[in-house]
Amino acid sequence: MEWWKTATIYQIYPRSFQDSNGDGIGDLEGVRSRLGYLKDLGVDAIWLSPFYRSPMKDFGYDVADYCDVDPIFGTLADFDRLLEDTHRLGLKLIIDLVPNHTSDQHPWFVESRSGLDNPKRDWYVWRDPAPDGGPPNNWMAFFGGPAWTLDERTGQYYLHQFLPEQPDLNWRNPAVRQAIYEVMRFWLRRGVDGFRVDVMWLLVEDALFRDEPENPHWQPGQWDRGRHLHLYTEDQPETRQIVGEMRQVLDEFDGDRMMVGEIYLPYERLMPYYGTPERPGCHLPFNFHLITQGLPNWTAENLRRVVEEYQASLPSWATPNWVLGNHDQHRLASRIGHAQARVAAMLLFTLPGSPTWYYGDEIGMVDGVIPPERVQDPAALRQRGVAGDQGLDPGRDPERTPMQWTPFAYAGFSTVEPWLPVNPDYPERNVESQDADPFSMLSLVRTLLVVRKATPGLLEAPYESYKAPEGVFAYLRGRVGLVALNFTGEPKTLAVPPGEILLSTHLDRYGVVENALELRPHEGIILKLS
Ligand code: GLC
């Protein structure tokens with residue numbers, strides 16, 4: 001079986017994982033120094049958020065050179081060393097590919113904006129102003145304001161779905177496609193195992209540049225982007241064709257190279273990104289429904305619905321995948337509390353397919369509180385410009401604070417004050433302390449990953465619904481393992497066939513169960529059926 005079908009993917013936000021050179025910002029050498037930790041944790045693959053040359057307007061999601069490492073993070077030689085050591089430990093390395101847009105400092109855009117006749121003009125999306133001189137249509141950017149910025153010198157607007165400093169590439173231009181496919185080959189030849197493809201569902205826009213219709217649910221004060229229904233800036237049919245081409249590039253290489261695509265879409269529009277068995281597309285189109293639908297309503301009944309609707313809409317041949325956190329979402333433990341974060345971990349690692357885990361969630365890191373003068377996230381800063389300090393969206397800094405390694409200065413992340421403040425709970429909440437505590441969240445995640453690997457049913461067997469009382473979500477994996485999760489603060493009892501407790505989220509009980517399983521408050525159990 002291909003490795004990615006069951007792999008646990010661990011996301012590292014390189015700025016915040018480990019600083020090795022004392023500048024307060026994490027780097028590749030820092031990641032390399034922590035590979036042993038990741039191996040012990042039991043993950044299979046690492047996904048690195050961008051480390052490419054960048055002016056860092058969106059912290060690396062604005063790429064100025066796709067084929068080089070930003071000096072903040074190190075050098076290409078550092079990358080090669082990291083990749084080599086990752087492979088030596090038997091782990092895979094997935095890197096971020098940001099194909100929708102570049103930095104405005106990328107040489108392609110510098111050329112493109114230099115004149116109407118420049119050969120690279122058509123590498124980006126340029127349009128004449130509307131008759132009144134304003135933007136060509138009503139499209140809005142994700143981080144606020146119009147998705148169009150006027151280039152005074154050439155008199156045309158360029159498209160950017162994110163910051164004005166992140167111009168959108170024109171994916172209708174075959175030369176652009178080839179250029180990005182060459183970028184993929186550059187890294188595949190170096191030996192990477194795959195890509196996490198940024199905003200895969202946004203690559204192409206409507207060829208007629210039609211206005212998007214108003215969203216009747218939008219209210220003043222909410223994000224600008226929500227004003228419209230995105231019929232013309234998201235999920236266009238050509239996008240899936242491009243994904244198929246990306247797949248062909250991956251398939252030019254041996255060794256099961258793969259891609260996982262960032263796609264925030266409902267099931268029926270998400271599934272087509274898998275392609276078909278004859279023309280496969282994305283190996284793992286990210287399934288964000290545990291985040292978008294599960295976390296806001298964290299109950300057994302809702303989670304059962306989210307999981308079973310996904311399974312029902314998944315093509316029979318496709319590999320499922322699950323995510324609970326990333327660098328754009330508030331921390332798991334802040335959203336559902338520490339007790340339920342343990343239940344969530346058991347859920348994630350016992351569902352079929354490939355789980356993705358966000359750095360620091362294994363010690364239950366919570367959202368950082370960022371003082372106004374230290375806010376870094378451009379999304380938050382722009383929103384503040386629009387909405388003022390009132391009702392300020394804290395943006396994405398809270399989930400990007402430095403990894404908490406030790407109870408000592410700066411949590412062992414750095415030797416100087418880091419780019420974002422370390423959470424004040426680091427003296428108690430850190431890897432070193434939890435490592436020594438057999439009941440910690442860290443011990444739970446490690447044990448879950450051991451049990452997952454040691455119990456073939458948990459990796460390969462199909463999911464089967466199992467009847468449970470209100471407040472409990474239970475399912476079978478291959479009639480071998482039964483998972484029962486108590487989403488409430490009350491004790492619950494579940495009728496079960498005889499079995500043996502493999503693991504409790506409380507990490508304090510094992511042994512035989514006859515026919516009634518007593519679940520304590522917020523307890524999850526993996527039962528091996530006899
Ligand atoms: C994706 C990234 C996000 C970034 C955006 C623009 O959504 O996850 O962090 O800001 O793309 O590249």
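Guide: Two strands pair if DSSP finds at least two bridges between them. Strands (E, at least two residues) and helices (H or I, at least four) are DSSP runs, numbered from the N terminus. This is a predicted model, in which local features need pLDDT of at least 70 and side-chain atom pairs count only at pLDDT 80 or more, while totals for chains, interfaces and linings use all residues. Residues are numbered from 1 along each chain as its sequence is written, and side-chain values use heavy atoms, with hydrogens and water left out.

Visitor: How many bridges join β15 to β16?
Guide: Six bridges join β15 (residues 472-477) to β16, and the two run antiparallel. Leucine 476 is placed opposite leucine 482 of β16.

Visitor: And what about the hairpin of β15 and β16?
Guide: Three residues lie between the strands, and glycine 478 has a positive phi near 65°.

Visitor: What does leucine 482 stand opposite in β21?
Guide: Leucine 482 stands opposite leucine 527 there. Strand β21 (residues 524-529) runs antiparallel to β16, with five bridges joining them.

Visitor: Is β16 buried or exposed?
Guide: Six of the six residues of β16 (residues 481-486) are buried, where buried means under 20% relative accessible area with a 1.4 Å probe, protein chains only. Gly481, Val483 and Leu485 cover one side, and Leu482, Ala484 and Asn486 the other; they are all buried.

Visitor: Changing topic: how do α5 and α6 cross?
Guide: The axes of α5 (residues 174-190) and α6 (residues 237-251) come within 10 Å and cross at roughly 35°. Axes are lines fitted to C-alpha atoms, for helices over the stretch in contact, and angles run from 0 to 180 degrees between N-to-C directions.

Visitor: Which residues in α5 meet α6?
Guide: Arg177, Tyr181, Met184, Arg185 and Leu188 in α5 meet residues of α6 including Ile242, Glu245 and Met246; contact means heavy atoms within 4.5 Å.

Visitor: What about α3 and α5?
Guide: The axes of α3 (residues 76-88) and α5 come within 11 Å, crossing at roughly 55°. The two helices are therefore oblique to each other; angles under 35 degrees count as roughly parallel, over 145 as roughly antiparallel, 65 to 115 as roughly perpendicular and the rest as oblique. Leu76, Phe79, Asp80 and Leu83 of α3 make the contact with Phe186, Trp187 and Arg190 of α5.

Visitor: Lastly, in what order do β6, β7 and β8 form a sheet?
Guide: The order is β6-β8-β7 in an open sheet with antiparallel pairing. Threonine 149 is found opposite tyrosine 158 in β8.

Terms used: Buried < 20%, exposed > 50% of the residue type's maximum accessible area, 1.4 Å probe, protein only.
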